Amino acid sequence: MHATLRSLLTVALCLLFAAAASAERFERRLLTAKSYPGSRDRQYQVFIPTSFNGQNPVPMVMVLHGCRQTEANMINETRFRDVAERDGFIVVYPFITSFDGLRNPNCWGFFLDQHIHEGAGEVEDLHQIALEVEAAFRIDPQRRYVTGLSSGAGMAVVLATAYSEYFAAAGSVAGLPYSETSSSVGFVCANPGTFKPVSAVVDAMRAEQRRPEEQRPVPIMAIHSNNDCTVNPLGSRNIRDSWLRRYGVAQTALGSASCAAEGVACTHTRYGTAQRSVVETVFYEGQRGDVIGAGSHYWVGDNRGEFANPTGPSATDLLWAFFRAHPFADHPRRSISVGSASASGTSVTVD
């Protein structure tokens, strides 16, 4: 009797361990500071879905937190880990960890020149984190994506500009254009912020993208509340306009559709061609916040949190649908491997 009970307990424990081994999981990792200017140690977490077996390449989505946040906010307040578990992709959640310059706590330096150019600073550290994840997990090179909230959205736009040859598509939630300054952040409703002209943003993008392989337009989705008092929705309109002008895309929209959810009005607009959009915008009637506008700037439609409001269209669902529709190329270039070849007269036989 006791032997039978021990056997049953052993089987039960084995099943529990097997289930734990195959379950979804997070890994905490550290990027150690590199030799290029502005590099620092960066903590980050990687979500691995249950279905990941290391054999088949999967998409990767990098999700960047905003000011006064950590990666834990993006893990808990978005739904990317739930969608990743369902659809089988890797999610990377970087934490700024430490920073230089005058800024609010944990803001990414999207407005600091030393952090927005390929090969240096925070933008290069984030690129290196992506490369570390690729070295550890089998990632589909056609499906690397980046998004974020607020300053994290600004940094996602920086990554899409500085590494247009690497990321397949990008997303911005309450973000700002490439090379924008800190004066664009108004903080209160009475101050809409001061923005660069779109032409200056386009010039900065061109200056960053000089090599032939960098001329590819990274498809981008910009999501913004029309009632945002921290970052005026002009930020996302300028992302849209700078992208259209930089890449010569028609400013006439392909069409607009309602994305209203839970009584929150929302309009989803597409720009590009019928076959493939280059820019998509989502403007919704978000919460107005208090007298000074606090509470109007957040991740929308997913989980409740300090920097998130669950009421409205799901930013995670909108972004993931956009990413799925935008691999690096519609038709990836095929490769041909020649095993052997032999010639006989005027004929050639190739295997």
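This is a predicted model: local features need pLDDT of at least 70, side-chain atom pairs count only at pLDDT 80 or more; totals for chains, interfaces and linings use all residues.
The structure contains 3 of them, and when the bonded cysteines are counted along the protein chain, their pairing reads 1-2, 3-4, 5-6. A disulfide is a covalent bond between the sulfur atoms of two cysteines.

We can begin with the link between Cys 67 and Cys 107, where the sulfur atoms sit 1.8 Å apart. Cys 67 belongs to the loop between β3 (58-64) and α2 (71-77), while Cys 107 belongs to the loop between β4 (90-94) and α4 (121-136), so the bond ties together parts that are 40 residues apart in sequence. The link of Cys 67 and Cys 107 is right-handed, with 120° about the S-S bond. Cys 107 is buried, at a relative accessible area of 5%.

Next comes the disulfide of Cys 189 and Cys 229, with an S to S distance of 1.9 Å. Here Cys 189 is found in the loop between β6 (169-173) and α6 (198-208) and Cys 229 in the loop between β7 (220-225) and α7 (234-246), so this pair ties together parts that are 40 residues apart in sequence. The link of Cys 189 and Cys 229 is right-handed, with 85° about the S-S bond.

The remaining pair is Cys 259 and Cys 266, joined with an S to S distance of 1.9 Å. The link of Cys 259 and Cys 266 is left-handed, with -75° about the S-S bond, and both of these cysteines are buried.

Definitions and conventions:
Residues are numbered from 1 along each chain as its sequence is written. Side-chain values use heavy atoms; hydrogens and water are left out. A disulfide is a pair of cysteine sulfur atoms within 2.5 Å. Helices (H or I, at least four residues) and strands (E, at least two) are DSSP runs, numbered from the N terminus. Buried means under 20% relative accessible area, exposed over 50%, partly exposed in between (1.4 Å probe, protein chains only).
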